[in-house]
Amino acid sequence: MGRTVETVGERKSFAGVTPVTVKVEPHDTAGNPSPAAENYHDLINGSVVSYGSIAQVATQVITVTFDPPVGGPVDMQPGQVASGSYKIKTVAVSTADGSKIETEYPVSRDLTYVGRETLQTEMGAFNACKFTNRQTTGTGDTSSVTTFTTWVAAEGAYRGQLLKIHTRPEGGSRPEFTTERIKMTYTPK
């Protein structure tokens, strides 16, 4: 199994706002790094809001934005579900000639708050909120379903920040994997 290193960094301009950046650096099973991505999100008025990401993959720079930005309340009760829909807009720009490919996909999700638990990470132990998010991307025969289990810091300096995520695609076409943050530099808004 590969390992992904995520580092929470400084605020940066993205999609007309200045959210917190999260650098995502995947490594294969031999420990070799793959191209990194930068995700953008924030904790605003009691909701964790995700705006999108930028990544360089092979010969393209790919920018993904969520329209509207994806949010979820941090004050949910165990068993409570927050449902919603948004669009994933992707722009892939060739680094060779500047040509663009733009796509857009509808997404629907059911975010369920499971409850609190202690999560042990490389950064120490956290009182964390655990969520499951069943997400359907696309429509009809071209849709795919993935369930994400996430742990978010419930208190302290990193309150609202994602600590760990387990991704389980349905249908067996893609493997399950887990990502855990091992370092954070974060300034609350």
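Residue T121 is found in strand β7, where helices (H or I, at least four residues) and strands (E, at least two) are DSSP runs numbered from the N terminus. The structure is a predicted model, in which local features need pLDDT of at least 70 and side-chain atom pairs count only at pLDDT 80 or more, while totals for chains, interfaces and linings use all residues. Residues are numbered from 1 along each chain as its sequence is written, and side-chain values use heavy atoms, with hydrogens and water left out.

With a relative accessible area of 7%, T121 is buried; buried means under 20% relative accessible area, exposed over 50%, and partly exposed in between (1.4 Å probe, protein chains only). The side chain of T121 reaches the backbone nitrogen of M123 at 3.0 Å. Leaving aside residues up to four places away in sequence, T121 touches F126 and E180, contact being defined as heavy atoms within 4.5 Å.

The discussion now turns to salt bridges. A salt bridge is a side-chain nitrogen of Lys or Arg within 4 Å of a carboxyl oxygen of Asp or Glu. By this rule the model holds 7 salt bridges.

One of them joins the side chains of E38 and K12, with an N to O distance of 2.9 Å. This pair links distant parts of the chain, 26 residues apart: E38 belongs to strand β3 (residues 37-44), whereas K12 lies in the loop between β1 (3-11) and β2 (20-27). E38 counts as buried at 19% relative accessibility, and K12 is partly exposed at 41%.

A salt bridge also forms between K89 and D67, whose closest N and O atoms are 3.0 Å apart. K89 lies in strand β6 (residues 81-94) and D67 in strand β5 (residues 60-73), so this pair ties together parts that are 22 residues apart in sequence. Both partners are classed as partly exposed, K89 with a relative accessible area of 28% and D67 with one of 36%.

Strand β7, the strand of T121, spans residues 100-121 and contributes E104 to a pair with K87 of strand β6, 17 residues apart. The side chains of E104 and K87 meet in a salt bridge with an N to O distance of 3.5 Å. E104 is partly exposed, its relative accessible area being 43%, and K87 likewise counts as partly exposed, at 39% relative accessibility.

Conventions
A polar contact is a pair of N or O atoms within 3.5 Å; within protein, one must be able to donate a hydrogen and the other to accept it, and residues adjacent in sequence count only if both atoms are side-chain atoms.
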